[in-house]
Amino acid sequence: MGVLTFTEEHTSAVCPSRIFKASILDANNLIPKLLPQVIKSMEFIQGTGGPGSIKQISFAEGSNLSSLKYRIDELNEETYTYNYTVIEGDALTDKLEKITHEVKLKAAPGGGTVSKVTSTYYTKGDFELKEEEVKAGKERVLGVYKVVEAYLLNNSEAYA
């Protein structure tokens, strides 16, 4: 098994508590409303959202993915930390064992948020994953983040 890790940072003018509430705590409701052309539904199929819960995401028709499931490993509303593991679905293909994501939101100097996401890909056998092979997935996740951020900037009372 091989392991490949990527870390990305993004900044936003929105404070960490609002981003955390909108994109993590209320994602099941907000994201399918903001992106119905991409996300058909998000729901817990086990648990209620805390560590150990399993979330299923069903993608809209026409997407190159149909669904994925992930397990929540850590959810800390005080430190704005969210860790989860993709355990099933199209994103894993037959070459990946699992993908873990560690999301940390911190207040940026002068206001706003610095979001740090560390993603670790665990490959099966001798398969070597190349960075360009995960680029599309990273771009999709950033796209969702940007849509949520725009919603929060345009709706200053939402998730306050």
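Here is a short walk through some paired strands and aromatic rings of this structure. The model is predicted, so local features need pLDDT of at least 70 and side-chain atom pairs count only at pLDDT 80 or more, while totals for chains, interfaces and linings use all residues. Residues are numbered from 1 along each chain as its sequence is written, and side-chain values use heavy atoms, with hydrogens and water left out.

Let's begin with the strands (DSSP runs of E, at least two residues, numbered from the N terminus). Strand β5 (residues 81-89) runs antiparallel to strand β6 (residues 96-107), joined by six bridges; two strands pair if DSSP finds at least two bridges between them. T81 stands opposite K104 in β6. Six residues separate β5 and β6 in their hairpin, where T93 in the turn has a positive phi of about 50 degrees. On to the next partner: β6 pairs with strand β7 (residues 113-123) in the antiparallel sense, over eleven bridges. Here K104 stands opposite K116.

Now for the rings, which pair if the centres of Phe, Tyr or Trp (its six-membered ring) lie within 6.5 Å, with planes under 30 degrees apart counted as stacked, over 60 as edge-to-face and the rest as tilted. The whole structure holds four aromatic pairs. F6 and Y121 are edge-to-face, because their centres are 5.8 Å apart and their planes at 80 degrees. F6 lies in strand β1 (residues 3-12) and Y121 in strand β7, so this pair ties together parts 115 residues apart in sequence. Y82 and Y84 make a tilted pair, 5.4 Å centre to centre with 40 degrees between the planes. Ring pairs also link Y70, Y82 and Y84 into a cluster.

Definitions and conventions. Helix = DSSP H or I, 4+ residues; strand = E, 2+ residues; numbered from the N terminus.
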